[in-house]
Amino acid sequence: MPKYTVEIDYSTMDTMLICERKAMYQYHDGYTRTSEIAGALDFGKCIHTFLEMYTHDNFEYAKSIALTEAKKTKLKEVEDGQRYSLSHLTQLMAEYDKAYATDNRYKTLKTELKLKYTLLDSEELKIIWVGNVDKVAIDTMFDEPVIFEHKTAYTTGEQFENKTWPNHQVLGYYMLAQKAGYDVKKIIFNVLKTTGYYKTKGGKISGDLLTNPTDCFIRYEVPVDDTFVNEFELLVVQVVKDLIAMTEGKRAVKFNPPNSCTMFNSKCLFHDVCKSYPNERKDILDFNYEKRPWAHFKITREE
Ligand code: SF4
């Protein structure tokens, strides 16, 4: 009997639970639409660099690192004032600093930790949960370690909060931190809201990101403990078994457009693929998308 070793992270898991088709296109086949999203990817990378480096007393340093990175990318070619422009990046960093400048209750211990732990090791299956923890800090009020996660989100409010309840995302971070020796009690999500900013048909910049930028930074604090760890691990095992069966052709990829399916607008990377006739999909993928190796999940099989 073969033994499978599977490395999986939160993004794959979450996407599998939301839309299997998307998980297979994005994380199994590695498709990404480079021409349209290059700006978004570069922008995301730069803002994340800033967020990783940022502490309340080193704003200028973190900003200069992010801008140096940005100047090496396509961002500089983007017209001033557009969503993925240097000026937009600079403005967001300034707004972030305004929002968190007095945040000196937390002292940074480590940033950008790449962590993994063995969630299951049986005769047939080994599962390794992997993830990056953005920052571990000490909450000086309680002398306890906390995790900071920087997120960008199209939607905040209820939809984002649902992801911060003790589900697989929160528990994934919690377990990674525990296994690395940090007994965390809380995860803090600093969320940069990216909706509300768009170019109107007339070419004007609109939306609340610029007109009301303080709305862009939202913080959620989620307490964590062991309560749902068993459920979390069972869910991971089930998703991994589904992934193995699908990649070996033993189970169809369900076409189960979720409530949040964005087939008829441009938010899902694959909206134009799903809208097209089945016999056109392969051509659309090959023509409009490029394959990139993703580090999100990996399956190896030993006979
Ligand atoms: S458009 Fe909808 S069904 Fe298609 S991959 Fe995206 S979320 Fe899934």
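Helices (H or I, at least four residues) and strands (E, at least two) are DSSP runs, numbered from the N terminus. By that rule the protein has 11 helices and 11 strands. This is a predicted model: local features need pLDDT of at least 70, side-chain atom pairs count only at pLDDT 80 or more, and totals for chains, interfaces and linings use all residues. Residue numbers start from 1 along each chain as its sequence is written.

**Overall build**
- Of the 303 residues in the protein, 27% are buried. Buried means that 20 or more other C-beta atoms lie within 10 Å of a residue's own, exposed means 12 or fewer, and partly exposed is in between, with C-beta atoms placed from the backbone.
- Two residues are in contact if their C-beta atoms, placed from the backbone, lie within 7 Å. Among contacts between residues at least 6 apart in sequence, 71% join residues at least 24 apart.

**Ligand shell**
- The ligand is surrounded by 11 residues, and the closest are C19, K22, C261, C268 and C274. A residue counts as near if its C-beta atom, placed from the backbone, lies within 6 Å of the molecule.
- Two or more shell residues come from each of α2 (20-28) and α10 (271-275).
- The shell splits into 7 nonpolar, 2 polar and 2 charged residues. Nonpolar covers Ala, Val, Leu, Ile, Met, Phe, Trp, Tyr, Cys and Pro; charged covers Asp, Glu, Lys and Arg; the others, Gly among them, are polar.

**Helix packing: α1 and α9**
- Two packed helices are described by the angle between their axes and the distance between the axes.
- The axes of α1 (residues 10-18) and α9 (residues 229-247) come within 10 Å and cross at roughly 75 degrees. Axes are lines fitted to C-alpha atoms over the stretch in contact, and angles run from 0 to 180 degrees between N-to-C directions.
- α1 is therefore roughly perpendicular to α9, a label for angles of 65 to 115 degrees.
- M13, M16 and L17 of α1 meet V236, V239, D242 and L243 of α9.
- This contact holds 6 nonpolar residues, no polar ones and 1 charged.

**Strand pair: β3 and β4**
- Strands β3 (residues 106-121) and β4 (residues 125-139) run antiparallel, joined by 13 bridges. Pairing requires at least two DSSP bridges between two strands.
- A hairpin of 3 residues links β3 to β4.
- T111 sits opposite K135 in β4.

- D143 is not a glycine, yet has a positive phi of about 55 degrees.
- The loop between β4 and β5 (144-153) holds D143.
- D143 is exposed, with 7 other C-beta atoms within 10 Å.

Technical notes. Parallel < 35°, antiparallel > 145°, perpendicular 65-115°, else oblique.
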